[in-house]
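Colleague: I am new to this structure. Please show me how to read its features, one at a time.

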Amino acid sequence: MAQTVRSSFTRFVTLTASLAVLANPLQAVAQAQAPTPPAPEQNGNSPGPMLPAPPTASPTINPPPPPSPMAPAGPASIADMAEGLLDAVVNISTSQSVKDQGAGPQPQIQEGSPFQEFFEDFFDGPGNQGGNQKVSSLGSGFVIDPSGYVVTNNHVIEGADDIEVIFPNGSKLKARLVGTDTKTDLSVLKVEPKTPLKAARFGDSRKMRIGDWVMAIGNPFGLGGSVTLGIISARGRNINAGPYDNFIQTDAAINKGNSGGPLFNMSGEVIGINTAIISPSGGSIGIGFAVPTELAENIVHQLIEFGETRRGWLGVRIQPVTDDVAASLGLDRARGALISGVVNGGPIQKGEIKAGDVILTFDGHPVNEMRDLPRIVAESPVAKEVDVVIMRDGKEETVKVTLGRLEDSAEPEEDAEQPSLPEGQGENLEPDNGTPGDQKGGETAEKPAATFGMTLAALDEERRKAFSIAESVEGVVITAVEPNSPAAQKGLKVGEVVVEVGQDFVENPADVVKRINALKAEGRRNAHVMIADSAGNLRFVALPLE
């Protein structure tokens with residue numbers, strides 16, 4: 001009986017193992033492809049053999065390929081470039097003695113008062129003894145010559161008694177001031193190193209485009225060499241910092257202490273000197289300004305060679321060309337610089353350029369707006385003869401002019417608020433004070449006239465004295481201006497003098513009316529009028545004829 005049970009048990013185990021072996025390949029087949037249910041038997045009612053139910057299909061996950069060793073992780077690094085330039089950028093530390101003004105008037109304390117000792121300690125203590133105090137400041141700079149020439153901003157070292165250059169390795173050298181230029185806020189220092197220094201080289205800022213990458217290195221908030229990256233946001237910015245504003249605007253972070261540091265292009269060349277920021281908070285908001293090397297490089301070389309700048313000088317007073325003035329002169333659009341006067345004793349000696357001319361091109365450089373001219377002239381060599389394209393009497397002409405030298409005390413050409421009377425005007429354009437019945441019409445010509453809402457009268461000695469008009473000023477005086485009239489809208493005032501209309505000198509009120517009528521007959525839209533104030537300062541206005 002026991003043998004029968006063991007035999008049955010053996011057959012059961014054998015059968016179970018066989019079924020397991022049979023199920024495994026079937027399950028493998030089911031996982032490989034979904035089986036179709038077997039068709040029912042056509043010649044019988046019994047179903048076919050049952051197969052195991054297929055398992056639920058799971059999604060196939062393909063792991064990502066391993067990253068290529070050449071694939072960059074983020075933007076291209078500037079570490080190599082920065083590493084090669086950090087040693088050329090330095091910190092500038094200055095100190096100066098400032099006279100202590102004290103804490104103001106002291107209160108009078110009665111002698112013997114128990115509070116006397118405390119008041120004396122407060123007002124006359126060690127920190128309030130008067131005399132001088134040392135005030136320190138920090139800025140940035142960069143080496144441009146291995147022998148030890150360093151460029152920085154003038155406002156970084158202005159008024160300093162001691163200047164110290166601190167190098168990235170921590171070494172310090174005393175510096176002397178070689179030269180400075182307040183108009184562009186640039187200075188050059190000199191240190192005496194024992195071994196040649198790492199120097200940066202100038203690049204051409206004129207090749208830079210809006211959107212190009214730039215890198216700034218400096219000493220923000222005294223932290224030492226710091227690198228920031230950004231782009232050129234704009235070019236040719238005028239922030240009213242000086243007469244030659246032509247700043248590069250960048251969003252590379254520039255903060256207090258970055259002043260005087262370099263702005264590099266992606267070739268490691270200096271294309272700007274970081275100078276100013278706009279920041280209500282005192283920190284970087286992405287609006288920084290740098291002096292372009294197209295302006296700075298020549299100034300730096302002059303400061304090293306001469307210890308001062310030597311700029312070209314044209315000797316004229318200028319004002320902007322408005323749309324109305326452009327229309328009155330026959331220009332296609334508002335461009336150029338309008339000459340409102342010529343400086344006596346300046347480079348213009350033979351009338352090459354006259355008041356009323358518009359300079360369109362100077363030495364091959366287009367003058368797109370008034371502020372372009374002072375910068376172009378200043379960058380031109382002294383005593384150089386240049387070609388100047390002007391618009392005169394509706395026609396373009398080319399004249400030759402030899403430049404003088406602009407002294408540091410002189411104002412640049414763009415100072416249109418204080419123009420001088422054109423040279424020789426007082427001598428050669430004297431009004432003919434002939435007797436009645438002369439060819440100007442006698443008493444009829446001298447009678448007051450009204451036009452454009454202003455009343456004009458002859459400039460006789462009585463009116464000259466009444467309006468305090470200088471002896472050098474000649475023309476027709478304005479005695480009244482109606483409110484809201486064309487003359488009032490152009491800013492004309494009582495006591496000013498009409499000198500020219502349409503580039504023709506006028507001696508009496510009748511000349512003004514006659515010349516205006518002639519311009520109307522020619523189909524002009526505006527009358528180009530030269531106006532002088534009581535001191536002889538000139539400006540031009542365009543009075544509408546339509």
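Modeller: Start with a term. A cavity is a set of grid points where a 1.4 Å probe fits but cannot get out, and its lining residues have an atom within 4 Å of a point. Keep in mind that this is a predicted model.

Colleague: What does rolling a probe over the atoms show?

Modeller: Rolling a probe the size of a water molecule shows where empty space is left. Here the structure holds one cavity of 30 Å³ or more. The largest cavity has about 60 Å³ of space.

Colleague: Which residues line the largest cavity?

Modeller: The lining consists of Leu295, Asn298, Ile299, Gln302, Arg311, Ala378 and Glu379. By kind, three are nonpolar, two polar and two charged. Helix 5 gives the most to this lining, with four residues.

Colleague: Where does helix 5 lie?

Modeller: Helix 5 covers residues 293-306 and lies across strand 9 (226-237), strand 12 and strand 13. Helix 5 runs at about 50° to strand 13.

Colleague: In what order do the six strands of the barrel close?

Modeller: The order is 8-9-10-13-12-11, with antiparallel pairing. On average, neighbouring strands of this sheet are turned by 45° against each other, direction ignored.

Colleague: Now strand 27. How do side chains sit in a regular strand?

Modeller: They alternate between the two faces of the sheet. In strand 27, Asn526, His528, Met530 and Ala532 are on one side, and Ala527, Val529 and Ile531 are on the other.

Colleague: Which strands pair with strand 27?

Modeller: Strand 25 (residues 497-501) pairs with strand 27 in the antiparallel sense, over four bridges. In that pair, Val501 stands opposite Val529. Strand 28 (residues 538-544) also pairs with strand 27 in the antiparallel sense, over seven bridges. Here Ala532 has Leu538 as its bridge partner.

Colleague: How many residues are between strand 27 and strand 28 in their hairpin?

Modeller: Five. Look at Gly536 in the turn: its phi is positive, about 100°.

Conventions:
Residues are numbered from 1 along each chain as its sequence is written. This is a predicted model: local features need pLDDT of at least 70, side-chain atom pairs count only at pLDDT 80 or more; totals for chains, interfaces and linings use all residues. Side-chain values use heavy atoms; hydrogens and water are left out. Buried means under 20% relative accessible area, exposed over 50%, partly exposed in between (1.4 Å probe, protein chains only). Helices (H or I, at least four residues) and strands (E, at least two) are DSSP runs, numbered from the N terminus. Two strands pair if DSSP finds at least two bridges between them. Axes are lines fitted to C-alpha atoms, for helices over the stretch in contact, and angles run from 0 to 180 degrees between N-to-C directions. Contact means heavy atoms within 4.5 Å. On a 1 Å grid over the protein atoms alone, a cavity is a set of points where a 1.4 Å probe fits but cannot get out, and a pocket is an open set with protein on both sides within 12 Å along at least five of seven lines; lining residues have an atom within 4 Å of a point. Grid points are joined across faces, edges and corners, and a volume is the space filled by probe spheres set on the points. Ala, Val, Leu, Ile, Met, Phe, Trp, Tyr, Cys and Pro count as nonpolar, Asp, Glu, Lys and Arg as charged, and the others, Gly among them, as polar.
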